[in-house]
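Here is a short briefing for a reader new to this structure. Look over the sequence and the model first, then take the topics in turn.

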Amino acid sequence: MRDDELCFLPATRLARRIRARAVSPLEVVRAVLARIERLNPRLNAYCTVAADEALRAARAATAALRRRARLGPLHGVPVSIKDLTPTRGIRTTWGSRIYADHVPEVDGLVVERLKAAGAIVVGKTNTPEFGAGANTRNDLFGPTRNPWNPALTAGGSTGGGAVAVATGMGPLAQGSDLGGSLRVPAAFCGVVGLRPSPGLVPVYPTELAWDTYGVQGPMARTVGDVALMLAVLAGPDPRAPLSYPVDPRAFTAAVARPRVAGLRVAWGGDLGVVPVEPEVMAVARAAADAFRELGARLEPARPDFADLPEIVRISRGARMAALHAERVAKWRDVMQVHLVRNVEEGLALTAADLGRGERLRTALWHRVREFFARYDLLLTPTAPVRPFPVEQWYPETIDGHPVRDYVAWLLLTYAATVVGLPAISVPCGVTADGLPVGLQIVGRWRDEVTVLRAAAAFERARPWADRRPPEPA
C-alpha cells in the first residue's frame, strides 16, 4: 500500500490492520509525517509538528506488537491535538504570542486518554488566539488555509484539525467547540465533527470547571472514526465535575447499525436566527431529503430561537471576561482585536444582565425540550455561508444582509450549544465551485447514540469519505 493510501485509511480500518500486524505503527507514523512535511507548508494545519516524540512512540508501539502485548483501541493510530489543549513536552501556545514558547509539563485529560488507548500524538493544530473566532488565523502562526481552495478559510476554531484530517495528515483530530468550533471547520473542509453533550468528554485543566458552553470532542473523515474516538474520550473523571458515567460501547454499536427509519426529523432551515446563502441552503435541504428516503418522517419545524442572539451576546461576553480580562489588562496591544472587544463587552455587563441571560436561556431550554418531545432530530445547514477569503475574520454580509460581528454568523451552531444538545456536522454536498457543505444533525439531551446512528445512515446513503481535496501545488 502506498504511503498516501495509508494516510487516508479510516482510523477504524487502520487500527484493525495494526492489530492484525498487516502494517506497523512506525510505518503509519512515518507516512503521516512525510505527508505533513509535504502539505503543511502550503496549508498550515499544524503549528507544531512533534516528529521526534511521535517516532519514539511509534517505535514503542511497534515493539509492543512484536511482544503481543495487550493493545488499546487506537494502538498506533496518529492523532493531532488542538493548540488549546496542553501536551506534555510539546509546545502549547493557545495561538497567542503571549505563550509563544510555553511547553506544558503535563497532558490534558483528553490527551491522557488518547495515549492510554494507544494513539500517537503527531503534533498541535492551529487555532485562532484562545480559540476566539471561526477563522483559523493568528499573529503567531498565520492563517490555516482551506484544502479545497487555499485562498479561503478553513473555518475555526478547530480549523487546523479539520485540514489535517481532510488531507490525510492524520486520521483523527481532537478539538473543542464553543459556538461551532468543531462543526464549522468540519463543514468547510468536508469532514465530520461532533460537539458532544457538556460533561460527556471531561475537560481538565480548565479555568471554568463548571462551564457548560465549551466542550472537547472528535473530528475525523468518517462517522465511524468519530464514534471510535468518542468512545475513548468519554466517561467520568473527578477532575471534571460535570462529567458523568456512560457506556462507550454504545457509540461504536450505534454506527455499526445505522438507521433512521421511523424517526421524527425536523428540518429547521435557518432557525429564524440568521440568513443563509441560497446555494448552501439548497444543498443542505436536498441532503435532508435522504432522511425521508431512508424511512424517517421529515417535516419543516423548529423551536422558537428568538432570544438566541441575546443569550449568546451575554453568555459569550461573560465567559470571555472571566477567562481573559486579566490578560487584556496586561497584553491588550498584542491580542486579537475581536477577542479584546468581546472581553470589554463582557466587562460592561451588569449583574442584572447576567441574570436576564440565564432566565432567557432557561426559557429557551424548556421550549427546546418540549420540541424534542415531538421530534428525535433537528437538521440545519452547519454554516450559513460557503468558505470565505482567509483574510476576512468573518463574512461581512450574508445574502445581502449585514453581519453584526464575528460571532453573529455562527447562530446555527450556537443554537445547539446554548441548550447543551449533541450535534454533528457531516459533509452533505458541494457548491457549484466545488466547496463542501455541511449538514448539522442535532439530537435530544445526551442522545449521542441517535445522532451517531443517524449520521452513519446518512453517510452510507450519501457517501463522501472517498472524496479528497486537490493536492496543493
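How much space lies in the largest pocket? About 840 Å³. This is a predicted model, in which local features need pLDDT of at least 70, side-chain atom pairs count only at pLDDT 80 or more, and totals for chains, interfaces and linings use all residues. Residues are numbered from 1 along each chain as its sequence is written, and side-chain values use heavy atoms, with hydrogens and water left out.

**The largest pocket**

- The largest pocket is lined by 41 residues, and V203, P205, T206, Q216 and R319 are the closest to its centre.
- A pocket is an open set of points on a 1 Å grid over the protein atoms alone, where a 1.4 Å probe fits, with protein on both sides within 12 Å along at least five of seven lines; lining residues have an atom within 4 Å of a point.
- The volume is the space filled by probe spheres set on the points, which are joined across faces, edges and corners.
- Strand 8 (172-177), strand 10 (215-220) and helix 11 (308-331) each give two or more residues to this lining.
- Helix 11 gives the most, with 5 residues.
- Helices (H or I, at least four residues) and strands (E, at least two) are DSSP runs, numbered from the N terminus.
- The lining has 22 nonpolar, 13 polar and 6 charged residues.
- Here Ala, Val, Leu, Ile, Met, Phe, Trp, Tyr, Cys and Pro count as nonpolar, Asp, Glu, Lys and Arg as charged, and the others, Gly among them, as polar.

**The second largest pocket**

- The second largest pocket has a volume of about 360 Å³.
- It is lined by 21 residues, and E53, A57, K115, A119 and I120 are the closest to its centre.
- Helix 4 (51-67) and strand 3 (120-125) each supply at least two lining residues.
- Helix 4 brings the largest share, 7 residues.
- By class, this lining divides into 11 nonpolar, 5 polar and 5 charged residues.

- An open sheet of 11 strands runs in the order 1-3-2-8-10-9-16-17-13-11-12, with mixed pairing.
- Strand 1 (46-49) and strand 12 (297-300) stand at the edges with a single partner strand each, so one side of each has no neighbour in the sheet.
- Neighbouring strands are turned by 30° against each other on average, direction ignored.
- Two strands pair if DSSP finds at least two bridges between them.
- Strand 11 (264-267) and strand 13 (377-381) pair in the parallel sense over 3 bridges, and A266 stands opposite L378 in strand 13.
- Helix 6 (159-166) lies across strand 1, strand 2 (78-82), strand 3, strand 8 and strand 10, at about 20° to strand 10.
- Contact means heavy atoms within 4.5 Å.
- Axes are lines fitted to C-alpha atoms, for helices over the stretch in contact, and angles run from 0 to 180 degrees between N-to-C directions.

**Strand 8**

- Strand 2 pairs with strand 8 in the parallel sense over 3 bridges, and I81 stands opposite Q174.
- Strand 10 runs antiparallel to strand 8, joined by 6 bridges, and P218 stands opposite Q174.

**Backbone points to check**

- Most residues other than glycine have a negative phi, and most peptide bonds are trans.
- The bond joining G156 and S157 is cis, with omega about 10°, and S157 lies in the loop between strand 7 (149-153) and helix 6.
- The bond from Y204 to P205 is cis, with omega near 0°, and P205 sits in the loop between strand 9 (192-195) and strand 10.
- W94 has a positive phi, near 55°, and is partly exposed at 22% relative accessible area.
- R446 has a positive phi, near 55°, and is partly exposed at 38%.

Note on methods. Buried means under 20% relative accessible area, exposed over 50%, partly exposed in between (1.4 Å probe, protein chains only).
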